Amino acid sequence: MKRQQHILVTGGAGFIGSNFIAYLLNSLKEIRIINLDKLTYAGDLKNLEPASGNSRYTFVEGDICDQKLVADIFEAHDVNNVIHFAAESHVDNSIASPSSFIDTNITGTFILLETAREQWSHDQESMTYNRFHHISTDEVYGSLGAEGYFTEASPYAPNSPYSASKAAADFLVRSYGKTYGLNVVTSNCSNNYGPKQHDEKLIPTIIRKALAGEAIPIYGNGTNIRDWLYVGDHCKALELVFSNGREGETYAIGGVDEMNNLEIAQTICEILDRKTGRSAGSLAGLIEFVRDRPGHDYRYAIDSSKIKENLGWKPQISLQEGLEKTIDWYMEKYQKG
């Protein structure tokens with residue numbers, strides 16, 4: 001009989017990781033989760049309140065670049081699976097100060113992979129059943145024009161220090177599968193949104209600024225297009241990839257819901273006008289175009305055919321419904337102060 005799964009989740013105090021931990025504890029009843037998070041500005045233990053009282057959940061504060069700590073966690077908790085979220089992820093920050101992105105996203109991923117190899121390579125059963133799931137981004141593929149979609153076969157063409165560091169991590173993961181036989185899977189997702197996302201990201205920024213009556217900054221002319229994926233749908237996809245994905249494969253996960261940044265801002269303003277009793281069009285007047293980001297990719301969009309056909313996943317939450325849920329969550333958050 002296969003032993004109990006002891007899953008090391010890295011970066012689980014962040015946006016996607018914290019949503020995923022809550023989802024996984026609820027959906028897989030026989031697992032234990034060890035959450036390793038450095039608690040940088042983007043991590044918040046409040047995100048983990050639903051898990052904190054669960055006997056199958058353990059939190060460890062620390063850095064994935066700390067090789068001794070990572071090895072100690074593997075040994076102390078008999079880690080036999082890794083789901084790797086931990087990353088510096090804000091593109092603007094990577095442009096201003098790329099060094100932390102190189103450290104965390106590349107060196108940190110290497111340390112996790114090397115520790116897994118060292119801990120699991122002593123017997124074939126561990127190498128067969130223990131899994132390393134690397135969470136990545138569609139930004140590694142660069143930018144699309146008005147037509148076409150990213151797929152698992154798209155060539156890599158990262159355009160920011162952030163996306164370049166994630167591309168390097170993707171290749172490291174692939175190499176450990178090919179060279180050492182580590183049981184790896186990678187998933188590359190489109191832009192996530194939903195509850196618990198850090199305030200610096202686009203959708204929380206729009207909501208926060210609109211509620212405060214402040215200017216809503218939109219890069220360039222607002223025509224940059226993203227494929228928006230509700231975090232709850234992403235969590236379901238990740239569990240399927242982790243549990244049923246084929247060893248060595250990559251799975252592209254998209255929301256199949258494209259909208260440009262100006263339209264996102266206008267839609268959020270329309271919803272907030274309604275929810276706060278303002279007259280239609282009131283908050284849209286706060287939208288202000290600002291100097292564009294250097295190397296700003298024009299469009300991202302994912303063809304999710306592979307995960308749909310192989311694992312039976314497709315997004316369930318439309319962008320309109322997801323924005324309603326997200327806005328409700330942030331309005332409650334800001335009302336609590």
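**Entry: a loop residue**

I began with lysine 196, which sits in the loop between E7 and helix H8 (202-212). I kept in mind that this is a predicted model. Is lysine 196 buried or exposed? Its relative accessibility is 17%, so lysine 196 counts as buried, the cut-off being under 20%. Then I looked up its backbone: phi of lysine 196 is near 80 degrees, a positive value in a residue other than glycine. I noted the reason for looking: most residues other than glycine have a negative phi.

**Entry: another positive phi**

Valine 256 also went into my notes, with a positive phi of about 50 degrees although it is not a glycine. Where is valine 256? I found valine 256 in the loop between strand E10 (250-253) and strand E11 (258-260). Valine 256 has a relative accessible area of 60%, and because exposed means over 50%, I wrote it down as exposed.

**Entry: the whole chain**

Next I stepped back to the overall picture. I counted 12 helices and 12 strands in the protein chain. The C-alpha trace spans about 65 × 45 × 40 Å along its principal axes. For 337 residues, a compact globule would have a radius of gyration near 20 Å, and the chain has 20 Å, so the two agree.

How much of the protein chain is buried? I read off 52% of the 337 residues. The accessible surface comes to about 14,500 Å², and 49% of it belongs to carbon and sulfur atoms. I also checked the contacts with a separation of 6 or more: residues 24 or more positions apart account for 82% of them.

**Entry: aromatic pairs**

How many aromatic pairs does the structure hold? I found 12. I took phenylalanine 101 and tyrosine 162 as one example: their ring centres are 6.4 Å apart and their planes stand at 75 degrees, so I called the pair edge-to-face. Phenylalanine 101 belongs to helix H5 (residues 99-120) and tyrosine 162 to helix H7 (residues 161-180), so this pair ties together parts that are 61 residues apart in sequence. Both partners gave me a burial value: phenylalanine 101 is buried at a relative accessible area of 1%, and tyrosine 162 counts as buried at 7% relative accessibility.

I then turned to tyrosine 193 and tyrosine 230. Why is this pair edge-to-face? The ring centres are 5.5 Å apart and the planes are at 65 degrees, so the pair passes the mark of over 60 for edge-to-face. Here the partners lie in strands: tyrosine 193 in E7 (residues 191-193) and tyrosine 230 in E9 (residues 225-230), so the pair ties together parts that are 37 residues apart in sequence. I noted both tyrosine 193 and tyrosine 230 as buried.

**Entry: a cluster and two charges over rings**

Which residues form one aromatic cluster? I listed Tyr141, Phe150, Tyr156, Phe171 and Tyr300. I came across tyrosine 300 again when looking at charges: the charged end of arginine 226 sits over its ring, 3.9 Å from the centre. Arginine 299, in turn, lies over the face of tyrosine 149, and I noted 5.4 Å from the ring centre.

**Entry: helix H9**

Helix H9 (residues 231-244) has 14 residues. From its first C-alpha to its last, I found a reach of 20 Å, close to the 20 Å expected at 1.5 Å a residue. Is H9 mostly covered or mostly open? It is mostly covered, with 10 of its 14 residues buried. Among the buried residues of H9 I noted Val231, His234, Cys235, Glu239, Leu240 and Phe242.

I followed leucine 240, which lies in helix H9. Leaving out residues up to four places away in sequence, leucine 240 touches Gly245, Leu311 and Trp313. I also looked up its C-alpha separation from isoleucine 106, 134 residues apart along the chain, and read 25 Å.

**Entry: alanine 71**

My last stop was alanine 71, in helix H3 (residues 67-77). At 18% relative accessibility, alanine 71 counts as buried, because the cut-off is under 20%. What does alanine 71 contact, leaving aside its neighbours within four places in sequence? I found Thr115 and Gln119. Finally, I compared positions: alanine 71 and glutamine 266 are 195 residues apart along the chain, and their C-alpha atoms are separated by 48 Å.

Terms used:
Residues numbered from 1 in each chain as written. Predicted model: local features only at pLDDT ≥ 70, side-chain atom pairs only at ≥ 80, totals over all residues. Heavy atoms only, no water. Phe/Tyr/Trp six-rings, centres within 6.5 Å; stacked < 30°, edge-to-face > 60°. Helix = DSSP H or I, 4+ residues; strand = E, 2+ residues; numbered from the N terminus. Buried < 20%, exposed > 50% of the residue type's maximum accessible area, 1.4 Å probe, protein only. Lys NZ or Arg CZ within 6 Å of the ring centre and 35° of its normal. Rg over C-alpha atoms; globule rule 2.2 N^0.38 Å. Contact = heavy atoms within 4.5 Å. Areas by Shrake-Rupley, 256 points an atom, 1.4 Å probe, with all protein chains shown as cover. Expected span 1.5 Å × (residues − 1).
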